[in-house]
Amino acid sequence: MNYISNLHKILSKSIFTITAEIGPPKSSDNTIIIEKGKILKDYADAFNITDNQTAVVRMSSLSASKILVDNDIEPIMQITCRDRNRIALQSDILGAAALGVKNILCLTGDHQSFGNHPESKGVFDVDSIQLIQIVKNMRDNGIFQNGEKITSKKPALFIGAATNPFLKCTEFAVDRLEKKINAGTNFVQTQSVFNIDKFNIWMDEIKSRGLDEMIHIIAGVSPLKSKKMANRMKFQIPGVDIPDDLYARMEKSEKPEVEGYKISLELTNMIKKIKGVHGIHYTALFWERIIPELVINSKLTFKDRNIKF
Amino acid sequence: MIITKSKNINNIINQINQESVFIIGCSECATICKTGGENEISKLEKLLTKQGINVIGSVILEPACHKLNDKRILNKYKKELKDIKQIITLSCGNGAQTISEIFEDKEVISGTDTIFLGQIKHINEFEKKCNLCGNCIIDKYDGLCPITRCPKNMLNGPCGGSIEGKCEIDNNMDCIWHLIYKKLKKKNRLKELREINEPFDWSNSKTWRIKI
C-alpha cells in the first residue's frame, strides 16, 4: 500500500500514535520552530502546526510546516476558513503539497473576536466540512471546488479534522463527525479531554455507529501548567470541559505544574485503554518539554519506530 | 426594518465646521429605531444650539431613501437650504447617500450608524434575521437562517464553541444550530441535517454595487 504520510502509515498499521502541537512564534524566527521540533521529534509521529490559533497573528502554518519538513519532521498543517476564501484555501493546499506537507487538518477556525485583531473581518466563505470535501476532491478526483480540473499533479494529503466530544448534545455532535467522515476526513483529533466520563459516552456512541472503524480517532490531552491556565481553560475557552474535581485539584495544589502533569498522565493512561482510540494528541503550548515525560512515563512505547528510551 | 444606532453627539459636532446646519430625519425605520424621528431631531437641535451651532431648519422625509419623493419634499425647503453647506442626516446609510446624491454641493454628516436588517422584537429591541445574501435557503432549516445567525456562517451544523445552546461569541445569543436541531427534531426531519451542504453560492449577494 502507498502511504500518503508517516502518520497515515502508523495509523494504518494500528500502532497507537502520538501527535503533538507546535505553535508558530509571533515573529519570523525560524529557530523557534526548529528548537521545538527537536525537543519533540522522538516522542511523536507528527506535529500539528496551528494556523493563527485563537485568531492571534503568528507565523503562517504553511511556512512553519515547511520549516519542519526541511528538518525531517512531519507536520500536520492546520488550515482554517476564518482568514481565507475558497480561492486562497485551494491555492494554499496546492502550495503545501508542493512544499512537501503531507497531512492537513481542516478547521473552521476560532472567531476573530477572540483574537488580537478583533476589528478584523472574518471570511468564513466555506466551513470545515466543505473544506474537507474540497481537499478530498482535489486529492482523489483532481478537481477544484468549481469543478475545473487540476492540470497536473494532485495534492496528496492525509486529511484530518477536529471534533468536540463535549458538546451538550452527543447525538448531534456525532452526527456532525459522521458528516466530516462522509466529507472525506481520514482522522480526527478531539478537543482536549478532561472529562473522561463524557468522553466515554461519546466514544460509545462512536463505536455503536461503527465510526471508529472508518477513521482514526486521536484524543486530545492538554497538560495544565498553572492555576491560571486551568481557570482560563475551564471558564474562557469555548468547548473545553474541565470537571470540578480536576479543577479543585489544580486550585488546591501547591505545585500546580506537578499536579497538572499528574492529571495528564492519569488521563493518558485512561485514554490509551479505551477501545477505538487510535492515539493521543498533546497540546502543551510553551510547555513542550513535558510531552517527552508523559510519553515515557505512560509507557507509550515507540518500539515500532526504532526509538529507545 | 433597517436598524440604526445614534452616533455619539461629539462625533457629529466634530464634523461640523459651519455656523448653520440643516437636519434631515426619516419617517420609517429610523423613526421606529428612535434615531431619526421628531424627538431625535429636536433633541439634536437643542444640543447643537447649546454648542452655538444654528439649526436653520429640519424635515422628516418619507422615507429618506426614496429619491424622487425626497426631491419633491425638499423643494419646499429651498430657501433654508440655499446657503447651507452641511446637512446632518438621521436615517440609515441608504437615506444618507440618497441625500448626498441630491445635494452634490453639500456635505452630508451621518448622525447614525446602520447596523443590520432586523426584526423589531420589543420596543427598542432588535434582532438581526437576514444578511441579504441573495440566495435564501431558510426552507432547508424550517425558517431559520444559519447564514445570518451563525457568526461563522456554518452550513453543516454547529462549531465546537456551541455551549449549552448558546453561541461562543455572546452567551446571550442562541446558537442557531441548536435551534435548528431542536426544531427539525420535533418535526422528524433530522435526517436532512446529515446531508452535506455544499459551499454556498455568494455570487447573488452582490456585495459590490448593483442596480436591479
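Visitor: How many residue pairs are in polar contact across the interface of chain B and chain A?

Guide: A polar contact is a pair of N or O atoms within 3.5 Å; within protein, one must be able to donate a hydrogen and the other to accept it, and residues adjacent in sequence count only if both atoms are side-chain atoms. Here the rule finds 14 residue pairs, both partners at pLDDT 80 or more. This is a predicted model: local features need pLDDT of at least 70, side-chain atom pairs count only at pLDDT 80 or more, and totals for chains, interfaces and linings use all residues. Residues are numbered from 1 along each chain as its sequence is written, chains are lettered from A in the order in which they are written, and side-chain values use heavy atoms, without hydrogens and water.

Visitor: Which side chains meet in a salt bridge?

Guide: That term needs a side-chain nitrogen of Lys or Arg within 4 Å of a carboxyl oxygen of Asp or Glu. In this interface the rule finds one: A:Asp175 with B:Arg194, at 3.2 Å, N to O.

Visitor: Now the sheet in chain B: what is its strand order?

Guide: Strands of a sheet pair through backbone hydrogen bonds, either parallel or antiparallel. Strands are DSSP runs (E, at least two residues), numbered from the N terminus, and two of them pair if DSSP finds at least two bridges between them. Chain B has an open sheet of four strands, E3-E2-E4-E5, with parallel pairing. Strands E3 (54–61) and E5 (107–110) of chain B each have a single partner strand, so one side of each is left without a neighbour in the sheet.

Visitor: How many bridges join E2 to E4 of chain B?

Guide: Four, between residues 20–26 and residues 86–90; B:Phe22, for one, has B:Ile87 as its bridge partner.
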